[in-house]
Amino acid sequence: MKTTLFICLLLSMPVLSYSQNRFTDSTATCIAFWNKNDSRIYKITHSKTKYSRQGQKLTTTGNYEAHIRVIDSTETGFTIEWKYSNFSVAGAPENALNSLQTIMEGLKIIYKTDDVGMFAELINWEEVRDFAFSNYEKAIANKSQSTEFVAALNQIKSIFKSKENIEALLIKEVQLFHAPFGKEYSKTKEILETELPNVTGGAPFPATLTITLDELNVKNDSIRISINQTIDKGKAGPIIADILKKLSAEPITDEAEMKKQIKNMEISDINQYSVAISSGWMHNIYFKRTADLGPMKQVETYLISRIK
């Protein structure tokens with residue numbers, strides 16, 4: 001039976017604290033204890049590395065800031081303002097990241113969470129859409145832009161046409177920030193069945209989700225959590241074989257060669273969180289997605305670190 005990450009929080013555990021995240025010697029909760037007008041600033045580094053069939057490696061890195069403020073706090077949840085600023089892109093030309101920078105500089109999103117800090121919904125999606133479209137029009141008016149960049153801009157613009165698209169495809173950092181909330185973590189590994197997105201389209205990959213409380217440091221007001229996913233190659237074998245046939249320059253007819261390529265494949269997500277026990281605010285977040293399909297390999301990372 002497939003299980004989502006967000007399962008019910010067990011409140012019957014013995015506690016050693018009050019009005020903060022609860023913990024024992026081997027478990028800890030991750031819950032937001034925020035107040036109205038609390039604010040934090042985080043630096044975000046978003047990197048994409050692509051590997052070609054010829055062994056070339058191209059890396060593009062975007063750096064920017066997230067200015068976060070709690071604009072309301074009630075018994076049922078929080079209303080959060082998240083503003084993007086100070087974008088910069090370095091490394092190999094990457095039209096997707098460059099177009100995101102162009103459209104999202106200064107973008108402010110407002111969203112709600114539930115009472116423990118789990119993301120609930122985007123509130124001002126129409127304002128977000130209009131702001132993005134305005135930046136798009138300014139960028140498209142620049143006749144010196146390359147055809148490839150304009151095509152990437154058009155792809156990004158299409159995301160803003162619906163609330164569901166923005167929540168699912170655009171605000172990755174927000175989703176990452178709130179993913180660990182609402183759960184009790186244990187030093188004993190929890191292993192669940194889940195799915196990973198198929199980067200080539202089509203059916204998702206059956207996968208294994210491993211959840212662990214890696215460190216509990218009361219003195220430093222910190223817990224460290226890992227939420228990792230990796231493809232289940234046994235269950236995903238037919239999907240992988242179909243992808244390899246499509247991506248290979250020459251048809252793979254040898255069964256032994258097919259099994260070898262499946263064995264060497266890697267599709268995985270690594271999520272690591274350092275969280276303040278007292279408040280639930282993030283110290284830092286690290287995310288790494290690896291999609292190594294033999295002829296095609298891409299590694300994407302996010303590093304979110306508190307700077308104020």
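Student: What makes Lys297 count as lying over the face of Tyr51?

Tutor: A charge sits over a ring if NZ of Lys or CZ of Arg is within 6 Å of the ring centre and within 35 degrees of the ring normal. Lys297 lies over the face of Tyr51, at 4.7 Å from the ring centre. Keep in mind that this is a predicted model, where local features need pLDDT of at least 70, side-chain atom pairs count only at pLDDT 80 or more, and totals for chains, interfaces and linings use all residues. Residues are numbered from 1 along each chain as its sequence is written, and side-chain values use heavy atoms, leaving out hydrogens and water.

Student: Which ring does the charged end of Lys183 sit over?

Tutor: That of Tyr185, 5.7 Å from its centre.

Student: Why is the pair of Phe287 and Tyr302 called tilted?

Tutor: Rings of Phe, Tyr and Trp (its six-membered ring) pair if their centres lie within 6.5 Å; planes under 30 degrees apart are stacked, over 60 edge-to-face, and the rest tilted. Here the centres are 6.1 Å apart and the planes at 55 degrees, so the pair is tilted.

Student: What makes Phe177 and Trp281 edge-to-face?

Tutor: Their planes are 65 degrees apart, with 6.4 Å centre to centre. Both Phe177 and Trp281 also belong to one aromatic cluster, with Trp34 and Tyr42 among the other members.

Student: How do you know that Phe177 is buried?

Tutor: Buried means under 20% relative accessible area (exposed is over 50%, partly exposed in between; 1.4 Å probe, protein chains only). Phe177 has 1% relative accessibility, so Phe177 counts as buried. Trp281, at 2%, counts as buried too.
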